[in-house]
Amino acid sequence: MSNQKKNRVIAIHLPQFYPFAENDEWWGKGFTEWRNVATATPRFRGHYQPHIPADLGFYDLRLAESRMAQIELAKMHGIDGFCYYHYWFSGRQIMEKPVKEMLNNSYEAFPFMLCWANENWHRNWEGGFNKVLISQEYSEEDDIRHFYHLLPYFNDPRYIRVNGAPVFCIYRTHLFPDIERTIATWRRLASENGFSLYICRFEDSLHFGNEFMADGIDAAVEFQPFITKEHLKVGNYIQRASRKIFGRELFSYIYSYKELVKRQLSRNINDCGYNKYPCVFPSWDNSPRRKGRSFTAFRGSTPQLFEKWLRHVKDSFKPYSADENFVFINAWNEWAEGCHLEPDLKNGSGYLDAVKNVFQND
């Protein structure tokens, strides 16, 4: 067994916070997510915006000092590892520098795994619904090239494993033309290199259930916030109509965090017919990324409600084995989606304290 804890708490990590060439080209010189965060404004009565970082400030992830400060804060509050988003477009990498620098710095002694964020990038922030900035293209040749790019990460002693197998997550498996071929290729290459892989798919509100558990996928990760299909269908219909008639999206969706937690407390995460890991989120509000457009937010989030949800997950989730014991939190630092464990000026370290309160004696 690689870990004696009942649960391993994994925080999803966005390595966006530093300037790079693509952001300069698409959004303007020096752009990072901090620009969206700092310029956000309230959009309805009682709307909490902007979210201003406290303890860590407006950091730059090119700096080892910034990454080390994140690691120390996570360790202090019961986080067992980061799941870094990984961006790969047929060999082209984006936002790779923080994770690459971490790999080469043994002082950053903190467990990690990778999740391939395999969606196309669109100019959605400015209303360009159909403008693709960079697209995914899939092929067996690219699968091979991608695997060997990932190999140094898989071989790193800090990489998170299940029974010795590196855990690799895929954000949207339903976007692949042949996900089973890709997985078979990776498993063959892993075997040739002396190990196996443990592959997870992230589930969203529209793509979940056994029908998406393709051959070769070991487990699913519930990706929160999980909005019901009924809400999504109505919302998508309204937004398509408003785009067609008015040329822009007119309606935002404001949900109750308290009501969501109430529903979550009655759920049994293990009762789905396949291995699925629970996910909890502290808050959500993507209005900073969607200025002048519709957005989605959960109002009324508090560290106390978050802790109540976390405690229910700890008490009710039954790990599938000693190593198959993950609880995911979305997210460590999605500041432009109002979804962060990192301290801000309003709640301080309240959400991190909630994690510590629930899992410190796990």
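Where is the place of A331? I looked this up first in the predicted model, and I found A331 in the loop between β16 (326–329) and β17 (333–334). I went there for the backbone: N330 and A331 are joined by a cis peptide bond, for which I noted an omega of about 10 degrees.

Other backbone entries. I then turned to Q49 and P50, where the peptide bond is again cis, with omega near -5 degrees, and I placed P50 in the loop between α2 (33–38) and α3 (64–76). My next entry is S90, which is not a glycine and yet has a positive phi of about 50 degrees; I located S90 in the loop between β2 (81–89) and β3 (92–94). As a reminder to myself, most residues other than glycine have a negative phi, and most peptide bonds are trans.

Whole chain. I noted ten helices and 18 strands in the protein chain. Its radius of gyration is 20 Å, close to the 21 Å that the globule rule gives for 362 residues, and I therefore recorded the chain as being as compact as a globular protein of that length. For the extent of the C-alpha trace along its principal axes, I wrote down about 55 × 45 × 45 Å.

I followed an open sheet of three strands, in which the order is β11-β15-β14 and the pairing is mixed. Because β11 (253–256) and β14 stand at the edges with a single partner strand each, one side of each is left without a neighbour in the sheet. Between β11 and β15 I noted a parallel run joined by four bridges, and within this sheet I found R299 of β15 as the bridge partner of S256. Helix α8 (residues 257–264) packs on the sheet and touches β11 and β15, its direction making about 55 degrees with that of β11.

Second largest pocket. Which strand gives the largest share of the lining? I found that β15 does, with three residues, while β14 (284–285) and β15 (296–299) each supply at least two. By class, I recorded six nonpolar, nine polar and four charged residues in the lining of this pocket.

Definitions and conventions. Residues are numbered from 1 along each chain as its sequence is written. This is a predicted model: local features need pLDDT of at least 70, side-chain atom pairs count only at pLDDT 80 or more; totals for chains, interfaces and linings use all residues. Side-chain values use heavy atoms; hydrogens and water are left out. Ala, Val, Leu, Ile, Met, Phe, Trp, Tyr, Cys and Pro count as nonpolar, Asp, Glu, Lys and Arg as charged, and the others, Gly among them, as polar. Two strands pair if DSSP finds at least two bridges between them. Contact means heavy atoms within 4.5 Å. Axes are lines fitted to C-alpha atoms, for helices over the stretch in contact, and angles run from 0 to 180 degrees between N-to-C directions. The radius of gyration is taken over C-alpha atoms; the globule rule is 2.2 Å times the number of residues to the power 0.38.
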